[in-house]
Amino acid sequence: MIIDLLSNAHLYTSQGPLFKKAFEYLAQTDFSKVEKGKYELDGDKLFAIVNEYDTISPDNEQMESHKKYIDIQYIVTGAERIGHDFLKGQTSSKAYDAEKDFMLWSEKPSFFSVLQQGMFAVFYPHDLHMPNIFIEKPSFVKKVVVKVSVDF
C-alpha cells in the first residue's frame, strides 16, 4: 500500500501507464462539478467511482480486498480513517465474488491511517482495508476510487 499527497503522485507513475492516467485524471478534474457515479477512463482496465457519504463507526465493519483491481482512493473533501492489514493467511468471512471483485475479512485491522483532503491511498490485492471510518464523529466525505486493472 501507498499513502501520500496527490501533489506527490508523480513519484508513482512508474507503476505503469494506467497509474499515470489515473493520477492525471485525479489531478486535472474539478470534482466539485462531478456527480456521484462511475466514469470509464480506459474501458474496464481503468475507471473511477465518485462517491459521497458520511463516515461510519468501525464497530460492525470488516476489512475488504480485491483480486482484479488495485484501488487508488483519493479524498476530495473531508477526512476519514482507514483500517489496514496485510493478507497473510487469514480466512475470509465472505467468499470472493468475482463479478463484484470483492471479499471480506473478519479480523480487526492491525493499524489505522487518516486520509485527509488531497491525500490518496493505493491498495493492492494483498492489502486488506476498511475505509469510510469516522475519526471522532461521523462527517461528510467526497471520495474518488480509481480502479486499476492488475492485468495492465
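Salt bridges in this predicted model number 7, a salt bridge being a side-chain nitrogen of Lys or Arg within 4 Å of a carboxyl oxygen of Asp or Glu. Side chains of opposite charge can pair when their charged atoms come close. Residues are numbered from 1 along each chain as its sequence is written. Because the model is predicted, local features need pLDDT of at least 70 and side-chain atom pairs count only at pLDDT 80 or more, while totals for chains, interfaces and linings use all residues, and side-chain values use heavy atoms, with hydrogens and water left out.

| Glu24 | Lys20 | 2.7 Å |

Helices (H or I, at least four residues) and strands (E, at least two) are DSSP runs, numbered from the N terminus. Glu24 has a relative accessibility of 33% and is partly exposed; Lys20, at 42%, is also partly exposed. In these terms, buried means under 20% relative accessible area, exposed means over 50%, and partly exposed lies in between (1.4 Å probe, protein chains only).

Asp42 is partly exposed at 33%, and Lys21 is partly exposed at 34%.

Another lysine, Lys142, lies in strand E12 (residues 140-149) and is buried, with a relative accessible area of 6%. A polar atom of the Lys142 side chain lies 2.5 Å from the backbone oxygen of Phe31. Lys142 also touches residues that include Ser32, Val50, Glu52 and Tyr74, leaving aside residues up to four places away in sequence; contact means heavy atoms within 4.5 Å.

Strand E11 (residues 127-133) has 6 of its 7 residues buried, so the rest of the structure largely encloses it. E11 pairs with strand E6 (residues 79-86) in the antiparallel sense over 5 bridges, where pairing requires that DSSP finds at least two bridges between two strands. Phe86 stands opposite Asp127 in E11.

Definitions and conventions
Polar contact = N/O pair within 3.5 Å; in protein donor to acceptor, adjacent residues only side chain to side chain.
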